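Hi,

Here is the structure I promised to pass on to you. Have a look at it first, and my notes follow below.

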Amino acid sequence: MGSIRMIDIAVNFTDGMFKGIYNGKQYHVADIAAVLNRAWSAGVDRIIVTGGSLEESKEALAIAETDGRLFCTVGVHPTRCKEFEESTDPEQHFQSLLSLAQEGIQKGKVVAIGECGLDYDRLHFCPAEIQKKYFEKQFELAYATKLPMFLHMRAAAEDFCEIVARNKDKFSAGVAHSFTGSAEDCDKLLAFNNIYIGVNGCSLKMIENLDVIKGIPVERMMIETDSPYCEIKNTHAGIKFVKSLWPSKKKEKYDQDCIVKGRNEPCLVRQVLEVVAGCKGVHDIDQISKTIYLNTCRVFFPHDLDSAADALDGRHDS
């Protein structure tokens with residue numbers, strides 16, 4: 001696989017599919033260990049596990065504690081913001097998130113507040129007003145912890161950017177992950193000089209998506225899988241740039257040495273990198289991967305940015 005180093009900034013390891021459960025039915029054993037081995041072999045050297053609710057953030061932290069290369073986020077996803085109001089006391093719920101984040105920071109594991117933001121595609125889960133209220137509230141978590149933001153924006157660019165602008169002094173930096181918006185949405189985000197754009201298979205579906213990706217400076221990009229979702233499918237426009245492939249089998253014929261067909265996993269972040277390079281017409285994937293790696297360290301792992309840069313340079317010369 002060569003010496004390319006990658007960080008997958010979004011993996012939903014709390015999802016049942018990594019426990020072998022699909023639509024409520026058990027098909028195979030829990031296999032995070034096998035999934036991680038494939039990721040490390042592919043050149044992934046850190047993974048950020050996504051938290052999307054208080055309970056899920058606790059589970060994400062527990063998973064992150066099992067390996068030195070795993071980290072996590074703490075926050076509430078826009079579609080789950082009702083959990084603040086359904087708890088006995090919204091302020092107490094906020095304090096629980098804050099103390100979990102602080103505990104995780106002390107353990108060297110929590111690297112961002114999130115996943116939080118706005119999702120107007122799925123208002124049936126949570127109305128816009130509640131989403132906006134608790135998106136805004138979570139900037140207080142970032143301010144109290146000095147952590148960057150791990151952001152979610154779906155069909156809500158205007159309200160999203162308005163809230164971010166109002167709170168721009170409360171957070172150091174952030175990433176709008178799983179970006180699928182228009183060129184116009186993209187420009188709105190890039191106007192905040194501390195926001196990066198996270199790209200995965202969902203960002204690379206159609207020719208229009210690839211055109212948008214072309215316009216994002218590599219200096220403002222991060223890569224992710226958002227596994228087990230958002231894989232690059234054979235029907236996606238980006239597929240023609242994919243070079244790295246892994247053997248796969250259906251979940252019914254589970255084999256730990258193969259990817260489960262239809263379940264995305266972190267080793268496949270390499271394909272995202274290949275598509276980004278391909279649609280930008282870049283043949284040297286090394287340089288792009290280095291820039292993206294350093295972007296990611298700058299935001300989520302600032303304490304070892306210098307050593308990461310040195311290591312990348314060292315590898316480049318050898």
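For the aromatic pairs, I let rings of Phe, Tyr and Trp (its six-membered ring) pair if their centres lie within 6.5 Å. Please keep in mind that this is a predicted model. By that rule the count comes to 7 aromatic pairs. In one of them, Y22 and Y27, the ring centres are 5.7 Å apart and the planes stand at 80°, so the pair is edge-to-face. Y22 counts as buried, at 9% relative accessibility, while Y27 is partly exposed at 28%.

The rings of F135 and F139 form a tilted pair, with centres 5.1 Å apart and planes at 45°. These two residues are 4 apart in helix α5 (residues 128-145), or separated by about one helical turn, and both are buried. Ring pairs also link F135 and F139 with F160 and F171 into a cluster.

Next, helix α7 (residues 183-190). Its buried residues are D185, C186, L189 and L190. Down the axis of α7 they fall within an arc of 135°, so they line one face of the helix. The face turned away from that side carries the exposed residues E184 and D187. Among the elements covering the buried residues of α7 are β7 (149-154), α6 (157-166) and α8 (207-214).

α6 and α7 pack at an angle of about 0°, with their axes 10 Å apart, and are therefore roughly parallel to each other. A157, E158, F160 and C161 of α6 meet D185, K188 and L189 of α7 in this contact. Its residues divide into 4 nonpolar, no polar and 3 charged.

Best wishes

Conventions:
Residues are numbered from 1 along each chain as its sequence is written. This is a predicted model: local features need pLDDT of at least 70, side-chain atom pairs count only at pLDDT 80 or more; totals for chains, interfaces and linings use all residues. Side-chain values use heavy atoms; hydrogens and water are left out. Buried means under 20% relative accessible area, exposed over 50%, partly exposed in between (1.4 Å probe, protein chains only). The arc is that of the directions from the helix axis to the C-beta atoms. Contact means heavy atoms within 4.5 Å. Axes are lines fitted to C-alpha atoms, for helices over the stretch in contact, and angles run from 0 to 180 degrees between N-to-C directions. Angles under 35 degrees count as roughly parallel, over 145 as roughly antiparallel, 65 to 115 as roughly perpendicular and the rest as oblique. Ala, Val, Leu, Ile, Met, Phe, Trp, Tyr, Cys and Pro count as nonpolar, Asp, Glu, Lys and Arg as charged, and the others, Gly among them, as polar. Rings of Phe, Tyr and Trp (its six-membered ring) pair if their centres lie within 6.5 Å; planes under 30 degrees apart count as stacked, over 60 as edge-to-face and the rest as tilted.
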